[in-house]
Amino acid sequence: MELNELESVLESILFAAGEPVAAERLCRGLDVDRDALDGAIQRLMDRYSFERRGVRIVRLDDSYQMCSAPEYADYVHRILESRKPAKLSQPALEVLAVIAYYQPVTRAYVDQVRGVDSSYTLGLLLERELIEECGRLAVPGRPILYRTTGVFLRSFGLADLEELPPLPEASKESGRMTMEMEAAVERLRAEESGASEGRT
């Protein structure tokens, strides 16, 4: 497949999908290797950015998705959305921060870090698909393990978990919500606010 044709095909697929498409699936379906795929998508990304086009392609972990350009978010919201998406509450951000930085974790671990019961908040995050179950811990009672999802990455404008701000060592050694963890929550809140400006 010619390079220009590959870029056009990828553009069509990502536009039609409306959701993240796994890189492996694209490689398999188009019969191209990963280097060729990543190179073609990077050229599209660079072109959209350079030409200030109304769309962008973002990488989400090991997938790609087409979305609206962040600088035009106000116009998109004005025309297409009747109300802004619900913001996460402070407890929800706390639980999400614990899971994001320490995953996979059990509910008991989240409760220990926060110092309060997190059952209700975990349920809300599961409903919003920001977290998911990912197995059970091999201890008596086999408690459920939780981790963040692709929706979490997309919602906060992250390509992968490595883009999370580093958590200070002090909070890793603590068994409760420290000032550092609260700072992490504020970073998540800021990222949620910023990312919501550019996604549709």
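Which residues does Arg 107 touch, not counting residues up to four places away in sequence? Arg 107 touches Asp 117, Ser 119, Leu 122, Ile 144 and Tyr 146, where contact means heavy atoms within 4.5 Å.

## The model

This is a predicted model, in which local features need pLDDT of at least 70 and side-chain atom pairs count only at pLDDT 80 or more, while totals for chains, interfaces and linings use all residues. Residues are numbered from 1 along each chain as its sequence is written, and side-chain values use heavy atoms, with hydrogens and water left out.

## Overall make-up

The protein has 10 helices and six strands. Helices (H or I, at least four residues) and strands (E, at least two) are DSSP runs, numbered from the N terminus. Of the 200 residues, 39% are buried. Buried means under 20% relative accessible area, exposed means over 50%, and partly exposed is in between (1.4 Å probe, protein chains only).

The protein exposes about 11600 Å², and carbon and sulfur atoms supply 51% of that area. Accessible areas come from the Shrake-Rupley method with a 1.4 Å probe; for residues, only the protein chains shown count as cover. Among the contacts with a separation of 6 or more, 56% are between residues 24 or more positions apart.

## Helices H5 and H6

Two packed helices are described by the angle between their axes and the distance between the axes. The axes of helix H5 (residues 90-102) and helix H6 (residues 107-114) come within 10 Å and cross at roughly 115 degrees. Axes are lines fitted to C-alpha atoms, for helices over the stretch in contact, and angles run from 0 to 180 degrees between N-to-C directions.

On the H5 side, the contact is made by Pro 91, Glu 94, Val 95, Val 98, Ile 99 and Tyr 102. On the H6 side, Tyr 109, Val 110, Val 113 and Arg 114 take part. These residues divide into eight nonpolar, no polar and two charged. Ala, Val, Leu, Ile, Met, Phe, Trp, Tyr, Cys and Pro count as nonpolar, Asp, Glu, Lys and Arg as charged, and the others, Gly among them, as polar.

Arg 107 is found in helix H6. Arg 107 counts as partly exposed because its relative accessible area is 38%. Arg 107 and Leu 122 are 15 residues apart in sequence, and their C-alpha atoms are 7.9 Å apart in space.

Val 58 lies in strand S2 (residues 55-60) and is partly exposed, with a relative accessible area of 28%. Leaving out residues up to four places away in sequence, Val 58 touches Ser 63, Tyr 64, Gln 65 and Cys 67.

## Cysteines

Cys 67 is buried, with a relative accessible area of 15%, and Cys 27 counts as buried at 12%. A disulfide is a pair of cysteine sulfur atoms within 2.5 Å, and by this rule the count comes to zero.

## Backbone in the loops

Most residues other than glycine have a negative phi, and most peptide bonds are trans. A cis peptide bond joins Gln 103 and Pro 104, with omega about -5 degrees. Pro 104 lies in the loop between H5 and strand S4 (105-106).

Asp 61, which is not a glycine, has a positive phi of about 60 degrees. Asp 61 lies in the loop between S2 and strand S3 (63-68). Arg 142 is not a glycine either, and its phi is positive, about 40 degrees. Arg 142 lies in the loop between strand S5 (131-136) and strand S6 (144-148).
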